[in-house]
Amino acid sequence: LKIQNAKTVYLSKDSIINANANENGSGGKVILWADEGNQFYGKIFAKGGKIKGDGGFVEISSKKYLDVLGNVYANAKNGKNGKLLLDPSNVQITTAGDANISAGPNFSPTADSATLTPATIQGFLSAPTDVTIDTVNGGGSQSGNITVSNDITWTTSANLSLIADFNLTLASGVS
């Protein structure tokens with residue numbers, strides 16, 4: 001059985017996907033994946049149970065265009081944080097944002113690269129949800145570089161993982 005890939009995915013700002021556990025259990029798995037373009041503006045919940053359970057797993061991906069302005073909540077009150085995976089081709093983390101996006105914070109590529117503001121990452125981490133930005137096998141035409149031009153700070157128990165297929169570069173002064 002072969003499952004067909006979507007060319008495009010669009011989740012509106014009024015859309016909610018709920019994969020929460022209730023009392024006991026881990027949050028669910030939600031994957032929004034597209035071959036050509038993924039626009040995520042809604043909310044995804046994949047929280048662990050109130051009594052026991054870990055947070056879930058959320059992946060928002062596209063081989064080419066990826067625009068992430070929505071919210072992800074994959075935390076757990078009495079368990080491990082859930083995970084959010086974003087995996088475009090090239091990523092630059094900078095406060096400059098992308099000129100094609102009128103409202104920030106944003107994660108928005110030009111062609112098959114992406115610009116992600118520290119504020120967007122910090123928003124996910126504050127949920128707290130672990131965040132992985134992974135350019136390995138992103139599927140675009142670029143090398144898979146991650147460039148961090150501005151600091152990213154947070155105070156929760158969440159973890160940030162940056163996995164570059166080619167280069168991971170921290171600008172001078174970034175900690």
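Guide: In this predicted model, strand β5 (residues 57-62) and strand β8 (residues 83-86) run parallel and are joined by 4 bridges.

Visitor: Which residue stands opposite K83 of β8?

Guide: The residue opposite K83 is F57.

Visitor: And with which other strand does β8 pair, in the parallel or the antiparallel sense?

Guide: β8 also pairs with strand β12 (residues 130-134), in the parallel sense and over 4 bridges. Within that pairing, L86 has I133 of β12 as its bridge partner.

Visitor: Turning to charges, how many salt bridges are there?

Guide: The count comes to 1 salt bridge. The side chains of K83 and D130 form a salt bridge, with 3.6 Å from N to O. This pair links distant parts of the chain, since K83 belongs to strand β8 and D130 to strand β12, 47 residues apart.

Visitor: What about E59: where is it, and which side chain of opposite charge is nearest?

Guide: E59 is placed in strand β5. This residue is buried yet has no salt bridge; K29, the nearest side chain of opposite charge, is 7.6 Å away. A salt bridge requires the nitrogen to be within 4 Å of a carboxyl oxygen.

Visitor: Which side chain does E59 have a polar contact with, then?

Guide: The side chains of E59 and S61 are joined by a polar contact of 2.7 Å. Leaving aside residues up to four places away in sequence, E59 touches V30, I31, L32, W33, L85 and D87.

Visitor: Changing topic, which residues of helix α1 are buried?

Guide: In α1 (residues 118-125), the buried residues are P118, T120, I121, F124 and L125. They lie on the same side of α1, because they cover an arc of only 160° around the axis.

Visitor: Where is the cis peptide bond?

Guide: The cis bond joins A127 and P128, with omega about -10°. P128 is in the loop between α1 and β12. For context, most peptide bonds are trans.

Visitor: Finally, what does the chain look like overall?

Guide: The protein chain has 1 helix and 15 strands. Of its 175 residues, 46% are buried. Among contacts between residues at least 6 apart in sequence, 71% join residues at least 24 apart.

Methods. Residues numbered from 1 in each chain as written. Predicted model: local features only at pLDDT ≥ 70, side-chain atom pairs only at ≥ 80, totals over all residues. Heavy atoms only, no water. Helix = DSSP H or I, 4+ residues; strand = E, 2+ residues; numbered from the N terminus. Buried < 20%, exposed > 50% of the residue type's maximum accessible area, 1.4 Å probe, protein only. Lys, Arg positive; Asp, Glu negative; His and termini not counted. Polar contact = N/O pair within 3.5 Å; in protein donor to acceptor, adjacent residues only side chain to side chain. Contact = heavy atoms within 4.5 Å. Arc of directions from axis to C-beta. Pairing = 2+ DSSP bridges.
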